[in-house]
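Please look over the chain shown below before reading on.

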Amino acid sequence: MATRTAQGRSWLSPSLGAGLLWFALSSCSAAPEPGESQTRVDDCLRGVNLDRLPALLQHCDAVVEAFPEHPQPRNERSLLLKLAGKPQEACRDSLKAAALVEQGKHPIDALMRDEIDLRKRNCLRLTTDQAAAEPSAAAAGDPTEPGRD
């Protein structure tokens, strides 16, 4: 699907890949049957319209509240938060979803597990990359550092 460069790296960006994955996953969800509970574990991404992102986030907050120990709603909210330009909040949800997967209280399919793991790794990498990019006091020439004249 992705074109590869001469170095063997894919040009498909992680954001685009996540968006395509989201589209594939959201298109698999069916509407609730009559008489079914209105709130379902897979409700966060049902009928996503970016023009309505604030309302979608509010709805997804309610889904997370209804299923606080299930990783799927947090994983889906993390995508919405990322789309809303809130990467730190998105990572909090991604890391919590990964922790819930580890607890194993709610079985999830392999694709969802892989998606949660991918988001967790990206959040950890971004956190580490940002920390590594910060100048240290020594590099900035901090005169209060021990061993300086």
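At what angle do helix H3 and helix H4 pack, and how far apart are their axes? This is a predicted model, in which local features need pLDDT of at least 70, side-chain atom pairs count only at pLDDT 80 or more, and totals for chains, interfaces and linings use all residues. Residues are numbered from 1 along each chain as its sequence is written, and side-chain values use heavy atoms, with hydrogens and water left out.

Helix H3 (residues 71-83) packs against helix H4 (residues 87-103) at an angle of about 165 degrees, and their axes lie 8 Å apart; axes here are lines fitted to C-alpha atoms over the stretch in contact, with angles running from 0 to 180 degrees between N-to-C directions. H3 is therefore roughly antiparallel to H4, a term used for angles over 145 degrees. On the H3 side, the residues making the contact (heavy atoms within 4.5 Å) include Arg 74, Ser 78 and Leu 81, while those of H4 include Asp 93, Ala 97 and Val 101. The contact residues divide into 7 nonpolar, 3 polar and 6 charged, where Ala, Val, Leu, Ile, Met, Phe, Trp, Tyr, Cys and Pro count as nonpolar, Asp, Glu, Lys and Arg as charged, and the others, Gly among them, as polar.

Turning to the whole protein chain, there are 5 helices and 0 strands, assigned as DSSP runs (H or I, at least four residues, for helices; E, at least two, for strands) and numbered from the N terminus. Of the 149 residues in the protein chain, 26% are buried, meaning under 20% relative accessible area with a 1.4 Å probe, protein chains only. Among contacts with a separation of 6 or more, 48% join residues 24 or more positions apart.

Definitions and conventions: Angles under 35 degrees count as roughly parallel, over 145 as roughly antiparallel, 65 to 115 as roughly perpendicular and the rest as oblique. Buried means under 20% relative accessible area, exposed over 50%, partly exposed in between (1.4 Å probe, protein chains only).
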